[in-house]
Amino acid sequence: MTTTRNEPESRLALVRRARRINRVLGETYPDARAELDFTTPLELLVATVLSAQTTDVRVNQTTPELFVMYPDARAYAEANPEELEEILRPLGFFRAKSRAVIGLGKALVERFDGEVPGRLKDLVTLPGVGRKTANVVLGNAFGVPGITVDTHFGRLARRLGFTTEEDPVKVEAEVGELFPKKDWTMLSHHLVWHGRRVCLARTPACGACSIAHLCPSYGAGETDPDKAAALVRPAPERPASAGLPLVVAAPKRATPAQG
């Protein structure tokens, strides 16, 4: 960093630091992408809705059967609630999630001819779909750049000094101004991957962090390299049917700049 913690960071310096952080994280996580398994926009939309209050790993264990049983929006719209609930039971809140998916299917059939719309303003009109879910679908299924502000992204954006906002919409707006629009989707993946593996909520592994030298919050967690390395969480294993394997090399250690 070019400033000490007691010196204010200029807007230009912040932009440069933020973009450098994104480049370094891109090198640290070259395979970063959505961690939900999908092959179509509908599959990603449904998987993202189901991921609320559960893990992506659990969703990925549940969706193979789900996607075979319900291949299109009409199948969800006409689903037997009890049968759908049984498939979704491992995810928790399975009755509410069953109602959400059926409602989503009906809305797609009635208003979009059964197709997932490729515009933010249309996606957010669907039941159970907010800006976060819409940006996940747009960025990963349609190639439309978007920033996905989940708990990991918001936490890292504040720790890295990109924003002080807590409201996801304001975080999205402020962080978006620091980066070219074309980088938004991968920026989301980079921060989320780093937040899940290294910059953890309670015990950030500062001593094993590839962007420690660029982080104003360095020292908020364990700085000893060996102890920090023990805190790093490995990437979840993916089944052979999930396409490219999700393999992430251990983050490179970096010594923070003194100043």
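A residue is called buried when its relative accessible area is under 20%, exposed when over 50%, and partly exposed in between (1.4 Å probe, protein chains only). By this criterion, Phe-162 and Phe-179 are both buried.

The model is predicted, so local features need pLDDT of at least 70 and side-chain atom pairs count only at pLDDT 80 or more, while totals for chains, interfaces and linings use all residues. Residues are numbered from 1 along each chain as its sequence is written, and side-chain values use heavy atoms, without hydrogens and water. The pLDDT, the predictor's confidence in each residue from 0 to 100, averages 91 over the chain, and 88% of the residues score at least 70.

The structure contains 3 aromatic pairs, defined by rings of Phe, Tyr and Trp (its six-membered ring) with centres within 6.5 Å; planes under 30 degrees apart count as stacked, over 60 as edge-to-face and the rest as tilted. One of them joins Tyr-70 and Tyr-76 in a stacked arrangement, at 5.4 Å centre to centre and 20 degrees between the planes. Both Tyr-70 and Tyr-76 are buried. Phe-162 and Phe-179 form an edge-to-face pair, with 5.8 Å centre to centre and 70 degrees between the planes.
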